[in-house]
Every structure is written in C-alpha cells, then in structure tokens.
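Please look over the sequence and the model shown here. The report that follows goes through a few of the features that can be found in them.

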Amino acid sequence: MTTHTLEALFERLQQRGGERYTGEPVTHLEHALQCATLAQAAQAGDALVVAALLHDIGHLLHDHGGTPTERGVDDSHEHLAEACLSQWFGPEVTRPVALHVQAKRYLAHHPAYLKVLSIDSQRSLALQGGPMDTAECFAFRQLPHAMDAVRLRHWDETAKRPGHPTPALETFWPLVLVCQRR
Ligand code: FE
C-alpha cells in the first residue's frame, strides 16, 4: 500500500487506528497518541514528537493482519514506515522510526529490560534478532539518531495504558506540517 499524501496517511491512522493493537491493551491510534504525548512531556523536539506519533505507522501500511509475530512473521514495519515517511520528512523524523526496533534489541542487552516488554514485544524481539551483543551495541551507538530511537523506545513501552487520556490526533497536525521537509 502506498500513501501519496500526508493527509491520506493521517486519515489512515484515524480510520485504521481504531483497530486493536493485537497483543496490547490499546488501539493503534491510542498507542500513537500516548507515545507522542509522552515525547512532548519529556520536552522532545518537534521532529521526535512526530516520530513518536508515526513510529508504528508501518503496521497500518501492510495487510498481514492480526498478530504476524504469532505466525513467526516479522512485518518489518520500521522499514515500511521509513520508506513511506521519507516522502515528506528528513532523517530527524525517519531515522528514530527506522531504528526503534534496533533500539529494543539494544536495550535488551540488559536483561532487566526484558521485564518491561509486553508479550508481543518479547515475541517480536526474538524474530528481530534477539538482544544485541556488546559489539552490536557499540556499533548501534555510533548511528546518527540512535539515542533518539532509544528515547522513543522508552515512550513506546509506556504508551500501552488502556484508557489513558491524550489530545486528539488533529492537535498534532500543525507539528507534522512544521516538520515536513521543504
Ligand atoms: Fe510502538
């Protein structure tokens, strides 16, 4: 599925966003809004707030349906998202999105982190290559925007609170426009 305008992408998040994020107690839209709100609360820059809002849009760009990880399928949603978002945004938005799965592997280097992961997140971690070893962690830290991706990842784990109030999707539209590549 390709999206040709940012408006259409937002519409997709609004429409398909009501679907339950399988394996999690929130919908896709709730997860996205909670993640962006946590980023704002942490005083993240505009680009990182937009990245937080759209980090999982890749799940809504394919039609694997349900919970692909249950069937042993890694949907590569971070790469789908990067390819789509790079139509409109620069690396300050697209790289934290692209790296948020690697950030999980990075954080999982410390076994205590595994406890904060949801069941689906633990299952996908195995499919995504499991925890990074020391050399992989070192290499990851050298990547531009790696630490933004790590910040995003922490909000990502927290943004799964059922019924937690957030601003509506349209309140983030002006921010999205500000971050759009000119
Ligand atoms: Fe997420």
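## Histidine 31 and the iron site

Histidine 31 counts as buried because its relative accessibility is 1%; buried means under 20% relative accessible area, exposed over 50% and partly exposed in between, using a 1.4 Å probe and protein chains only. This is a predicted model, in which local features need pLDDT of at least 70 and side-chain atom pairs count only at pLDDT 80 or more, while totals for chains, interfaces and linings use all residues. Residues are numbered from 1 along each chain as its sequence is written, and side-chain values use heavy atoms, with hydrogens and water left out.

The iron ion is coordinated by His31 (NE2), His55 (NE2), Asp56 (OD) and Asp156 (OD), at 2.1 to 2.3 Å. Donors are N, O and S atoms within 2.8 Å of the metal (3.2 Å for Na, K and Ca), and sites may look incomplete because water is not among the atoms. The angles subtended by the four donor atoms run from 78 to 170°, so the arrangement is irregular. Four donors count as tetrahedral if all angles lie between 85 and 135 degrees; four count as square planar and six as octahedral if opposite donors are over 155 degrees apart and all others between 65 and 115; anything else is irregular.

Along the sequence, the donor residues follow the spacing H-x23-H-D-x99-D. Histidine 31 in helix H2 (residues 28-41) and aspartate 56, in the loop between helix H3 (46-54) and helix H4 (77-85), are 25 residues apart and link distant parts of the chain. Helices (H or I, at least four residues) are DSSP runs, numbered from the N terminus. Aspartate 56 is also buried, at 8% relative accessibility.

## An aromatic pair

Rings of Phe, Tyr and Trp (its six-membered ring) pair if their centres lie within 6.5 Å; planes under 30 degrees apart count as stacked, over 60 as edge-to-face and the rest as tilted. The count by this rule is two aromatic pairs. One of them is edge-to-face: the rings of phenylalanine 10 and tryptophan 173 have centres 4.8 Å apart and planes at 65°. Phenylalanine 10 lies in helix H1 (residues 6-16) and tryptophan 173 in helix H9 (residues 173-179), 163 residues apart.

Phenylalanine 10 is buried at 9%, whereas tryptophan 173 is partly exposed at 23%.

## Threonine 27

Threonine 27 is in the loop between H1 and H2. With a relative accessibility of 16%, threonine 27 counts as buried.

Terms used: Helix = DSSP H or I, 4+ residues; strand = E, 2+ residues; numbered from the N terminus.
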